[in-house]
Amino acid sequence: MRLQTSPSPALEITAPKPASTLEQRLILFGGAALLLLLALVLPEYAQSAHYHGFADQRSLAGLPHAADVLSNLGFVVMGGLGLLALSRADICRVNSTARAMCGLFFVGLLCTAVGSSYYHWAPQDASLVWDRLGMSVAFAGLLGLAVQTRLDDTSASVAALIVLVAAPLSVAVWAQTGNVLPWALVQGGGMLAVVWLTFLEPRRHALPVELGWVIGLYVVAKLLEMSDVDVFDVTGRMISGHSLKHWVAAAAALPVISALHKRRELQ
């Protein structure tokens, strides 16, 4: 007698479900809470004593540290072009939160130009405060825009508000105590959040900002900042790493401006 066996059921492999918006919110704001905890419990970290010793000390027509001051024109150009592109974008195709985050980012670039120029005119802790406050506005807009394109409008507004509060507070802590760790956590944590958001699926009809390009340009800018003297030597003392850093950091606005132009072309 032949025994008949039924075929074994096929092994089913199911892909893991993507995290829900609620879970993604918990990750984002849980990360912010973790950064706050680290800022409170980690040992203080002092800024380098040679922080203000930039490679290019040359003056031009009476302008001190001319290359580092004038290279901030990149932020003026990108901020102006960004606001122009935003003003021409169809209000029906770019929602109010996305417009607000873009506006905050571009205004932040103009604030950065003013603060950084003032700082490099006479590099010292007192003027560095204004440089970092200007950058805080740009960081808030960029993070808010990244959150808006991946999660939701409410989370974007909250994330931007957190940076607008946390960044100036971290600058104040550094100015009063010399502990630069909170500022480093705000800056580094914000960019880590943007990196994480890059791997999330963009929202339908969201502004098509290529976050990968923003991150790549930011990384290059930081590398140039850390290689200030080396770049100055390699280029035959033509331009320093810090001066180039300003131009590259300003170029991080191009993906946002490009996204606004693409949205306008759909009209």
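A crossing counts as left-handed if the near helix is turned anticlockwise from the far one by less than a right angle, and right-handed if clockwise. Bear in mind that this is a predicted model, where local features need pLDDT of at least 70 and side-chain atom pairs count only at pLDDT 80 or more, while totals for chains, interfaces and linings use all residues. Residues are numbered from 1 along each chain as its sequence is written, and side-chain values use heavy atoms, with hydrogens and water left out.

Start by selecting H5 (125–150) and H6 (153–177); helices here are DSSP runs of H or I, at least four residues, numbered from the N terminus. H5 passes H6 in a right-handed crossing. Their axes (lines fitted to C-alpha atoms over the stretch in contact, angles running from 0 to 180 degrees between N-to-C directions) come within 8 Å and cross at roughly 165°. That makes H5 roughly antiparallel to H6 (the cut-off is over 145 degrees).

Next, pick Ala32, Leu35, Leu36, Ile162 and Val186, the closest to the centre of the second largest pocket among its 27 lining residues. A pocket is an open set of points on a 1 Å grid over the protein atoms alone, where a 1.4 Å probe fits, with protein on both sides within 12 Å along at least five of seven lines; lining residues have an atom within 4 Å of a point. H1 (21–41) gives the most to this lining, with ten residues.

Last stop: Tyr51, Gln187, Lys222, Glu225 and Lys245, which lie nearest the centre of the largest pocket, lined by 44 residues. Colour H4, H7 and H10 too, as they are among the elements that give two or more residues to that lining.

Definitions and conventions: Parallel < 35°, antiparallel > 145°, perpendicular 65-115°, else oblique.
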